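This report covers pockets, sheet and helices, ring pairs and backbone details. The sequence and structure come first.

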Amino acid sequence: MVCYYLSHPQVRIDPATPVPDWGLSDVGAARVREAKGSWLSRVGRIVSSAERKAIETAELIAAGRGLQVEIRERMHENDRSATGFLVPAEFEATADLFFARPQESIRGWERAVDAQMRIVAQVAETMAENSEGDVLFVGHGGVGTLLQCHVAGWPVARIRDQRAGGGNVFAFSWRPLSLAHGWRPLEDMARG
């Protein structure tokens, strides 16, 4: 069984709306609708973060495949509610510190070590349940990177983060724990 972790693609940024309530942009939704590849046909289970952008991504993939989307509250992105929306340059600088100092709370954000423990525990709980086919987890770039670092045995580092824009996938085995491949753009998954 292969596990895939997909980060939601581009969103509609609205500083007046809480970040967990942002939805996909037209570009992000189109990228998901156009997703191709044999890897998707092998997915028998879709598990999503409860944030709107992740649910929308998961539902677009599930549509027409006869699969239900399972919502997991603890798969959310690292908690950044202490700062709320940050302009891109300020966000990137804060994210750099988040990954560089995982034992610290940067500007009140959830510590990277805590977010990593949370996402790993949620994946472990999910994988303890019976699944038919491969499993697709749909979530976010930050906690996805933390999960990938855990799976690969890497220290937490921003260099392991996905490319800008989201909509990236990595694949792994849960038992035994191993990384099949790191972040790849969703469009590249059609090529194998």
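## Pockets

The largest pocket has a volume of about 830 Å³. A pocket here is an open set of points on a 1 Å grid over the protein atoms alone, where a 1.4 Å probe fits, with protein on both sides within 12 Å along at least five of seven lines; lining residues have an atom within 4 Å of a point. Grid points are joined across faces, edges and corners, and the volume is the space filled by probe spheres set on the points. This is a predicted model, in which local features need pLDDT of at least 70 and side-chain atom pairs count only at pLDDT 80 or more, while totals for chains, interfaces and linings use all residues. Residues are numbered from 1 along each chain as its sequence is written, and side-chain values use heavy atoms, with hydrogens and water left out.

Of the 32 residues lining the largest pocket, His8, Arg80, Phe91, Glu92 and Gln162 lie nearest its centre. Two or more lining residues come from each of helix H4 (88–100) and H6, and H4 provides the largest share, six residues. Helices (H or I, at least four residues) and strands (E, at least two) are DSSP runs, numbered from the N terminus. The lining of the largest pocket divides into 14 nonpolar, 10 polar and eight charged residues. Ala, Val, Leu, Ile, Met, Phe, Trp, Tyr, Cys and Pro count as nonpolar, Asp, Glu, Lys and Arg as charged, and the others, Gly among them, as polar.

The second largest pocket has a volume of about 200 Å³. It is lined by 14 residues, with Val19, Pro20, Asp79, Arg80 and Ser81 closest to its centre. By class, five are nonpolar, five polar and four charged.

## Sheet and helices

Six strands form an open sheet with mixed pairing, in the order E3-E2-E4-E1-E5-E6; two strands pair if DSSP finds at least two bridges between them. Strand E3 (69–72) and strand E6 (178–185) each have a single partner strand, so one side of each lacks a neighbour in the sheet. Strand E1 (residues 3–7) and strand E5 (residues 168–173) run antiparallel and are joined by four bridges. Cysteine 3 has phenylalanine 172 in E5 as its bridge partner.

Helix H6 (residues 141–152) packs on the sheet, touching E1, E5 and E6, where contact means heavy atoms within 4.5 Å. The direction of H6 makes about 150 degrees with that of E6. Axes are lines fitted to C-alpha atoms, for helices over the stretch in contact, and angles run from 0 to 180 degrees between N-to-C directions. Helix H3 (residues 52–62) lies across E1, strand E2 (43–49), E3 and strand E4 (134–139), at about 165 degrees to E2.

## Backbone details

The peptide bond from arginine 175 to proline 176 is cis, with omega near -5 degrees. Proline 176 is placed in the loop between E5 and E6.

Arginine 107 has a positive phi, near 55 degrees, and lies in the loop between H4 and helix H5 (112–127). Most residues other than glycine have a negative phi, and most peptide bonds are trans.

## Aromatic pairs

The structure holds 11 aromatic pairs. Rings of Phe, Tyr and Trp (its six-membered ring) pair if their centres lie within 6.5 Å; planes under 30 degrees apart count as stacked, over 60 as edge-to-face and the rest as tilted.
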